[in-house]
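User: Please take a close look at one helix in this model. I want its sides, its packing partners and its setting in the chain.

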Amino acid sequence: MNVYFPDTANIGKRNTRAILFLFLSCIISIFYIFAENIYAPKLTVYVYNPITLYVVTFMTSVVFFSCALAVISYKSKKLAAISVIAAIILVASVSLLLGASPEQLLLALAFIPSGTLLSMCISRGLEKAHTVVGNAVIIALVFAFASMIYIYSSLGEVSRATIAYIVNIFREAFVSFYTQYSAQTGITGIDVSATFDMFVAIFPAFFCVVASVISYITATLSRALILGQGAISDSLTRWPLKMSRLASLVFITALIFSMLSFSGTGKTLIITMYNLMLILSPGFFLIGIRTSLMHFRRPSLFTIIFGVIVLVSCLNNPILLVLLVASSGALDNLFPGVRAILYGEHPKKRDN
């Protein structure tokens, strides 16, 4: 185990806090079921966003649960396994008493596999990228499975026909809403429908990006809370996000292909590349921010020019800003020698 707790004087207080965190994670997750099934039906008008409420409760539960497991598993692996089983029983039983549907029950329990994975990755000193990707996969699978359960309970089956039916319902609502303003903006129903089709095409990437962002935030907060309990770890003291050169090459290739049109003979290939580019964008955006801040400490002519381009793109097109910074991070990650030439540095050896 990479993480260890050398402070034996406060071991009793630390274990007590771990039990409290474990209990809080369960209560916070159950609160979502209470708000949806008990509180919301009594309201004449919804005064909160249920999606936002769930994301906040899920992330909070994951952070507390992962910290509790990291502390408990350091003392006893068997006790950690018992804690996981106890959390499942507590959340499931109370959620069912509150009238949770099958998909709600799965969402209420989602923090347990996510928090368990985070605790294992952090305790064993895995790299941040591996931890974030693994947790994002768990989050995406749980949310996708919950969506399939909801579709099955609503329409009786999960198939391409039912998914197409749901997409058409959303398309009609989307088109009818935005075409109301066509007189003022000149937007036609065909334009709105094409925009919706483009969003459907990149929805897999959007889904993965949301899962990755949630995973990154929970992993960062979990690491901070575990260190706050007195944990010592060489790998967690400095926990940068690293991505491989292969990922950089895939991102740059996908970026070039994504500049082409969605229509034509290579439509499937272009859509696939566009999705790959969007999936990898958050990681390289963070790397680009980190390297840009590092280089701005000693500005050169190239740094000033790049900063002006980023500033102008930020004012006119925020999406272009993200792509510029992400491209900078990918190129910096792929060609560290070029970075050394541009910024007058000595190229550093990469850790392979």
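Analyst: Start with the outward side of α3. The face turned away from the buried side of α3 carries the exposed residues K78, I89, L96 and L97. Exposed means over 50% relative accessible area, buried under 20%, and partly exposed in between, with a 1.4 Å probe and protein chains only. This is a predicted model: local features need pLDDT of at least 70, side-chain atom pairs count only at pLDDT 80 or more, and totals for chains, interfaces and linings use all residues. Residues are numbered from 1 along each chain as its sequence is written, and side-chain values use heavy atoms, with hydrogens and water left out.

Now the buried side. In α3, A80, S83, V84, A87, V91, A92 and S95 are buried. They sit on the same side of α3, because they cover an arc of only 150 degrees around the axis. That arc is taken from the directions from the helix axis to the C-beta atoms. The partners of these buried residues are α1 (11-39), α2 (50-75), α4 (102-109) and α5 (111-123). Contact here means heavy atoms within 4.5 Å.

Next, the length. Helix α3 covers residues 77-97, 21 residues in total. At 1.5 Å a residue, α3 should span 30 Å; its end C-alpha atoms are 31 Å apart, which agrees. The expected span is 1.5 Å times one less than the number of residues.

The setting is helical. The protein chain has 16 helices and zero strands. Both are DSSP runs, numbered from the N terminus: helices are H or I with at least four residues, strands E with at least two. Of the 352 residues of the protein chain, 39% count as buried. Among contacts with a separation of 6 or more, 74% join residues 24 or more positions apart. The accessible surface of the chain is about 19,900 Å², and 71% of that belongs to carbon and sulfur atoms. Areas come from the Shrake-Rupley method with a 1.4 Å probe; for residues, only the protein chains shown count as cover.

R124 lies between α5 and α6. R124 is exposed, with a relative accessible area of 56%. The C-alpha atoms of R124 and S235 are 9.1 Å apart, although 111 residues separate them along the chain.

Beyond α6 comes another loop. V158 lies there, between α6 and α7 (160-178). V158 counts as partly exposed because its relative accessibility is 37%.
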